[in-house]
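Please keep the structure open as you read.

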Amino acid sequence: MGFTPRLPPGLFRSLSESHPRLRAAAAHLETLGIPRARATALLRSLMVHVMEDLGASWLRDVTARLERIEGLRNRLGDAVAHVVENGILPEGMDVAGFSALLAQLEREMDGLASARRHAETMNGAATGERVVAGAASPAGAPPATGAHPHGGNGAPRPGAVSPHPPESLAAAMDAARASHPRGAALIDRLVADPELGDRLGLALAAENRPAQLDRLRELGEAAGLTEAELADLTRAVEAMGVARHRMEVVDPAALARRRAAVAGFPEALAKDCLGDNTILGPLAESNRGQVLVYWRRWREGGAKGSFRDYVRAEMGSEIRPTMSEWSATFNVGGEPGAMVLKDPAAFDPGRPGNRRVNPREPGTDLLVRRANGDLWYVDDKAHRGRVPESTSGAGGDHPGGVRSPVALSGVSALELPRFLANLRDDIAEIEAAMLRQRGAGHVPDPAVGDSLARLRAAADELEAASAGWGPDDHLRPENLRAVRSILDRHRIRLRVTSELGDVAAMTSRLEGLGIRVVPPIGGRLR
């Protein structure tokens with residue numbers, strides 16, 4: 001997430017003051033004792049977060065779905081054309097396989113329609129109805145006396161769109177006032193300033209504890225807070241987070257959403273999802289299918305340990321590296337004039353869209369030809385540093401605890417002998433892609449041919465230079481210099497990214513090979 005530059009908070013000021021739906025939300029917060037200025041500042045902060053992070057994620061998901069739909073339609077179209085011309089299905093496809101493709105296309109189309117319906121629901125809720133009210137009422141009108149925010153019987157109001165009603169914010173703030181009054185007073189002071197209030201909102205919406213600490217540290221520097229004040233603020237924000245997590249367990253609207261999400265799940269799985277509001281529950285709400293995939297894999301593997309721990313490990317070893325690799329692709333490959341010759345997805349005609357993504361498979365992650373003609377071989381590392389124990393807990397003495405930077409000692413994908421094998425594999429993959437282009441009636445870009453010729457020449461020279469080397473020979477400084485000389489001659493650069501990790505440096509041996517760390521999105525490429 002975060003493929004776009006930081007949006008200026010000022011963009012949302014006029015919207016928060018003029019849009020009927022947002023005015024209604026601010027008015028309702030005011031009836032709960034939250035000053036209007038603070039309410040609108042928090043709403044602006046949430047909008048910035050949605051636009052920057054969730055919007056980028058939504059766009060990526062929809063784009064991927066459209067690509068899958070295109071691939072399925074092409075395969076089905078080719079099969080139908082083959083039947084019309086020859087009277088039978090293509091070789092390798094039977095009726096069951098054709099039906100499976102149709103069913104898969106239907107699921108993808110339903111998913112796309114679901115996203116559209118959700119967007120229409122969001123738009124419809126903005127046409128003068130209250131975001132949170134006992135009953136639909138004109139924007140700005142006070143709620144009915146004694147009305148429950150989700151309906152008279154405590155059930156979710158049909159059409160309600162906010163997963164975190166304003167009451168949860170108020171209750172969280174009450175918890176902070178009770179346990180950390182000095183920190184709560186600081187929150188009141190910060191949200192009175194639009195810019196500082198926006199920064200606080202981003203900290204409250206951070207996806208994890210280390211990211212929240214990073215944003216609070218930045219907020220403290222911008223607001224000129226002392227270390228003691230930053231400590232008070234951090235503890236108050238943490239109290240708000242704990243209170244909101246507790247509300248997710250008992251809030252009627254949250255429970256209703258969760259129960260709807262797990263409908264039809266095996267009983268044991270549904271129980272696990274309903275009992276966990278940090279990983280399994282939210283995942284069931286956002287991606288039921290993936291939860292069922294994980295459940296099947298976990299049971300096939302012997303159901304060792306807890307299912308929650310299994311899913312958490314899978315998310316760390318598969319989902320986060322995948323997102324990190326694609327973020328690196330957008331970062332490096334998105335430069336003006338750059339051409340992506342190889343991305344993290346492998347060609348697989350047996351998959352929708354002929355693409356397969358698996359960060360656990362060996363090989364290089366990315367090959368980009370830059371505008372100046374340099375070829376960048378990129379390997380993304382999502383390794384995360386550790387947060388010191390004294391700064392990671394609720395009662396830590398220092399609130400600015402952040403993950404320590406990671407220094408790499410090895411990048412096997414970019415080191416001989418594996419790099420030579422990867423290079424040969426990538427050459428073959430690019431050659432095959434060019435053949436597919438020609439077969440479809442397209443002429444490959446001449447820059448691709450030039451890049452391929454340089455890769456072949458470099459591979460041949462590396463193979464000749466390293467012939468007879470043993471494991472220790474690959475580590476000798478003079479041999480590392482020889483490898484780097486060959487790569488430099490063909491303008492091939494070795495780079496490491498860490499979009500969702502903390503890799504910031506590497507050993508002198510790797511630096512001698514010419515490997516450099518590319519800063520994350522927003523940094524300067526070098």
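Which residue of β7 does L375 stand opposite? L375 stands opposite I492 in β7.

Before we go on, a word on the model and its numbering. This is a predicted model, in which local features need pLDDT of at least 70 and side-chain atom pairs count only at pLDDT 80 or more, while totals for chains, interfaces and linings use all residues. Residues are numbered from 1 along each chain as its sequence is written, and side-chain values use heavy atoms, with hydrogens and water left out.

**Overview**

The protein has 19 helices and nine strands; helices (H or I, at least four residues) and strands (E, at least two) are DSSP runs, numbered from the N terminus. Of its 526 residues, 41% count as buried, where buried means under 20% relative accessible area, exposed over 50% and partly exposed in between (1.4 Å probe, protein chains only). Among the contacts with a separation of 6 or more, 66% are between residues 24 or more positions apart; contact means heavy atoms within 4.5 Å.

**The sheet**

Five strands form an open sheet in the order β1-β4-β5-β7-β9, and the pairing is mixed. Two strands pair if DSSP finds at least two bridges between them. The edges are taken by β1 and β9 (516–518), each with a single partner strand, so one side of each has no neighbour in the sheet. On average, neighbouring strands of this sheet are turned by 35° against each other, direction ignored. For such angles, axes are lines fitted to C-alpha atoms, for helices over the stretch in contact, and angles run from 0 to 180 degrees between N-to-C directions.

Follow β4 (residues 366–369) for a moment. L366 and V368 point one way from this strand, L367 and R369 point the other way, and all are buried. On one side, β4 pairs with β1 (residues 339–342) in the antiparallel sense over three bridges, and K342 stands opposite L367. β4 is also joined to β5 (residues 375–380) by four bridges, again running antiparallel, with R369 opposite L375. The hairpin of β4 and β5 has five residues between the strands, and G373 takes a positive phi near 95° there.

The next pairing, between β5 and β7 (residues 492–497), is in the parallel sense over six bridges. α17 packs on the sheet, touching β1, β4, β5 and β7, and its direction makes about 120° with that of β4.

**Two helix pairs**

Two packed helices are described by the angle between their axes and the distance between the axes. The table gives both values for two pairs.

| Helix pair | Angle | Axis distance |
|---|---|---|
| α17 (residues 446–465) and α18 (residues 477–489) | about 165° | 10 Å |
| α13 (residues 288–300) and α14 (residues 307–333) | about 110° | 10 Å |

How do these angles read in words? Angles under 35 degrees count as roughly parallel, over 145 as roughly antiparallel, 65 to 115 as roughly perpendicular and the rest as oblique. A458, E461, L462 and A465 of α17 meet V483, I486, L487 and R489 of α18. By class, this contact has six nonpolar, no polar and two charged residues. Here Ala, Val, Leu, Ile, Met, Phe, Trp, Tyr, Cys and Pro count as nonpolar, Asp, Glu, Lys and Arg as charged, and the others, Gly among them, as polar.

α13 and α14, in turn, are roughly perpendicular to each other. Their contact is made by V291, Y294, W295, R297 and W298 of α13 and F307, Y310, V311, E314, E318 and I319 of α14. These residues divide into eight nonpolar, no polar and three charged.

**Backbone details in the loops**

In the loop between α13 and α14, A303 has a positive phi near 50°, although this residue is not glycine. A303 is partly exposed, with a relative accessible area of 32%. R491, in the loop between α18 and β7, is likewise a residue other than glycine with a positive phi, near 55°. R491 counts as partly exposed at 32% relative accessibility.

Finally, the peptide bond from L416 to P417 is cis, with omega near 5°. P417 lies in the loop between β6 (406–408) and α16 (418–439).
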